[in-house]
Amino acid sequence: IQEGLCTSRVGTRIIFLHETSSTNDLAKELAALGSPEGTVVLAEAQTKGRGRLGREWVSPKGGLYFSVILRPRLAANETAKLVFAAGLAVVEALDQLYCLKAETKWPNDVLVNGRKVCGILSETSIKNKLADFVVVGFGVNANFSVKKTLPEPLWENATSLLAELGRKIELDALLKKVLERLEKLYGLSLKSGFSPVLKEWKNHATFLGGYVEVRSGNECFSGLALDIEEDGSLAVKLEDGRVEHVFAGDVSLRRKSNKAFK
Ligand code: BTN
């Protein structure tokens with residue numbers, strides 16, 4: 001895999017397993033033991049793949065599952081914004097390799113034709129108010145049919161690269177491209193702050209300006225998705241005109257007319 005990988009730190013060490021519980025869990029263990037920045041843990045399948053908010057990430061063979069250890073010198077509350085670099089890296093990789101136009105969806109999904117093709121799980125370990133390490137895990141539905149492989153509740157909102165491209169892809173090539181894009185965007189985030197990456201991420205965020213339903217903790221409300229703020233929160237305009245800022249939660253797109261909000 002490392003052959004022809006054009007990076008200087010991301011992917012300089014790659015650990016490959018046919019199967020593991022969760023690449024994020026293994027990467028966190030290795031990071032805690034001192035594994036260097038850029039270490040990648042890659043698995044063909046996961047038996048306990050984890051998604052955001054404690055959900056399961058079903059990880060059959062044919063998908064691309066990997067986690068990257070990063071050691072940014074950032075305050076703990078800044079590291080959440082790395083998901084924008086991660087999501088954008090996937091969007092750029094899909095475009096560059098397959099001319100596939102993907103969309104970003106807050107906070108950390110990548111969609112194709114409105115359905116989720118990739119999820120990202122970023123987990124930070126903190127030491128003295130600073131990030132000790134961040135593990136960014138990517139799960140891409142690649143070479144399998146959603147209906148034949150994933151449980152029925154996921155069928156409506158999930159897609160795979162196989163379905164979108166009509167052919168299987170080379171997983172190693174996609175991994176390399178995502179790692180290369182990630183290194184660029186991570187470097188840019190550290191050098192220039194998150195604004196340039198967030199700006200580009202928003203260029204692919206077709207949900208912005210649309211009507212969304214938000215679930216955040218025990219709260220559920222709907223409104224117009226206005227913007228992503230510099231702090232990474234999603235600004236939503238409610239029917240009464242107030243603007244809510246959401247820091248963690250889930251967004252689903254609603255098919256209601258936006259007219260009421262204009
Ligand atoms: C989500 O959309 O909820 C995030 C899904 C993240 C899945 C990836 S697969 C590789 C890495 N290992 C895990 O256990 N989770 C992430």
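1. The side chain of Ser 216 forms a polar contact with the backbone oxygen of Ala 248 at 2.8 Å. A polar contact is a pair of N or O atoms within 3.5 Å; within protein, one must be able to donate a hydrogen and the other to accept it, and residues adjacent in sequence count only if both atoms are side-chain atoms. Ser 216 belongs to strand S8 (residues 211-216). Leaving aside residues up to four places away in sequence, Ser 216 touches Val 246, Ala 248 and Gly 249, where contact means heavy atoms within 4.5 Å.

2. The model is predicted: local features need pLDDT of at least 70, side-chain atom pairs count only at pLDDT 80 or more, and totals for chains, interfaces and linings use all residues. Residues are numbered from 1 along each chain as its sequence is written, and side-chain values use heavy atoms, with hydrogens and water left out. Helices (H or I, at least four residues) and strands (E, at least two) are DSSP runs, numbered from the N terminus.

3. Strand S8 takes part in an open sheet of five strands, with the order S11-S10-S9-S8-S12 and antiparallel pairing. Two strands pair if DSSP finds at least two bridges between them. Strand S11 (243-246) and strand S12 (250-253) are the edges, each pairing on one side only. From one strand to the next, the twist averages 45°; axes are lines fitted to C-alpha atoms, for helices over the stretch in contact, and angles run from 0 to 180 degrees between N-to-C directions. Strand S9 (residues 219-228) and strand S10 (residues 234-237) are joined by four bridges in the antiparallel sense, and Leu 224 stands opposite Lys 237 in S10.

4. Another open sheet has seven strands in the order S1-S2-S3-S7-S6-S5-S4, and its pairing is mixed. Its edge strands, S1 (14-20) and S4 (103-105), each pair on one side only. Neighbouring strands here are turned by 20° against each other on average, direction ignored. Ten bridges link strand S6 (residues 115-127) to strand S7 (residues 130-140) in the antiparallel sense; Cys 118 stands opposite Val 140 in S7. Helix H2 (residues 82-98) packs on this sheet, touching S3, S4, S5, S6 and S7, and its direction makes about 145° with that of S6.

5. Which residues of helix H1 (residues 23-32) are buried? They are Thr 23, Asn 24, Ala 27, Leu 30 and Ala 31; buried means under 20% relative accessible area, exposed over 50% and partly exposed in between (1.4 Å probe, protein chains only). Seen down the axis of H1, the buried residues fall within an arc of 125°, so they line one face of the helix; the arc is that of the directions from the helix axis to the C-beta atoms. They pack against S1, S2, S3, S6 and S7, whereas the face turned away carries the exposed residues Glu 29 and Ala 32. At the start of H1, a side-chain oxygen of Ser 22 reaches to within 3.2 Å of the backbone nitrogen of Asn 24.

6. The peptide bond from Trp 106 to Pro 107 is cis, with omega near -5°, and Pro 107 lies in the loop between S4 and S5. Leu 53, although not a glycine, has a positive phi of about 55°; Leu 53 is placed in the loop between S2 and S3. Asn 128, also not a glycine, has a positive phi of about 50° and is exposed at 73% relative accessibility.
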